[in-house]
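Please read it alongside the sequence and the model.

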Amino acid sequence: MAALNNDQQIRHLANLELLARQVVEGFITGLHQSPFHGFSVEFAEHRLYNNGESVKNIDWKLFARTDKLFVKQFEEETNLRSYLLLDTSSSMNFPDKGLNKLQFSVYAIASLMYLFKKQRDAFGLGLFSDKVDWLSMARSTTTHLFYLFAELEKAYNHPKENTLTNVGDVLHHIAEDVHQRSMIIIFSDMLENSLNPDKMQALFAAIQHLKYKKHEVIIFNVSDKKKELDFDFDNRPHHFIDMESGEEMKVHPGRIRETYKAALNEYRHQLELKCAQYHIDLIDANIHDGYNQILKAYLVKRAAMG
């Protein structure tokens, strides 16, 4: 699976279904490579997972505790409904060379969908910027999977320019639109609120709205860690352009790095506190760390739901 962490090779895999299958099956094989020793009575109703069989009966709760794959032999199957929400605002087009945040998120979502399909769970897709631009139904069929892959490919091939984000409004919309209790999985850089206290409060109100409607929520906070969080740019003047507003600024990174990082860290701290208060999983998703981090975070969340 090392090859799948190579951005260059990933970009040449035009077929989302092929990429998603490779990511998911490689992830499951990796989990399964070292068999669990020391069976005890508590595992009497489980057996080791065999490569190639359906993953729908895997005991993810047991996986969260042991990091090994067991199949439940007697427990009744439970189905989950998930909605994957993709931020398509212009800031997701960063960086402008190599794999960007939007492309990473498309591949991650395709991999999760492939996993949901293997589990026979229903899944839907939403695309948003400053509003919900498109939202599908949640289904579990192969036809539905390829329908959503086609929508992801459109988003990948037609990135938006000068388009803002409004995650707060989007989450209010989802809370009203999705009537059955679901897992809401958000892929966004969450940058629009970082310097705006009013938007921060609006976001927190929207998160509260989702929880009031009994939804489970995971936010994958997508970033290019080196550039966006560490502000690791060459020690010379740079010309920065805001990808959403088009605003331009010439700055010397070394002179503002500490101030920038302090402001961003304070925002991220507030976001973490609020998510913890509402039992929402906030997962850092560095675009250079591959997709196993995404799949594992989802499975641990699912296991915690019982």
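Two strands pair if DSSP finds at least two bridges between them; helices (H or I, at least four residues) and strands (E, at least two) are DSSP runs, numbered from the N terminus. This is a predicted model, in which local features need pLDDT of at least 70, side-chain atom pairs count only at pLDDT 80 or more, and totals for chains, interfaces and linings use all residues. Residues are numbered from 1 along each chain as its sequence is written, and side-chain values use heavy atoms, with hydrogens and water left out.

**Whole chain**
- The protein chain has 10 helices and 10 strands.
- Of its 306 residues, 48% count as buried (under 20% relative accessible area, 1.4 Å probe, protein chains only).
- Contacts (heavy atoms within 4.5 Å) between residues at least 6 apart in sequence join residues at least 24 apart in 72% of cases.

**The six-stranded sheet**
- Six strands form an open sheet with mixed pairing, in the order S5-S4-S3-S6-S7-S10.
- S5 (132–135) and S10 (281–286) each have a single partner strand, so one side of each of these edge strands lacks a neighbour in the sheet.
- On average, neighbouring strands of this sheet are turned by 20° against each other, direction ignored (axes are lines fitted to C-alpha atoms).

**Strands S3 and S4**
- Seven bridges join S3 (residues 81–87) to S4 (residues 122–128) in the parallel sense.
- Tyr 83 has Gly 124 in S4 as its bridge partner.

**Helix H4**
- H4 (residues 101–119) lies across S3, S4, S6 (183–188), S7 (216–223) and S10.
- Its direction is at about 170° to S3, with the helix axis fitted over the stretch in contact and angles running from 0 to 180 degrees between N-to-C directions.

Notes: Buried means under 20% relative accessible area, exposed over 50%, partly exposed in between (1.4 Å probe, protein chains only).
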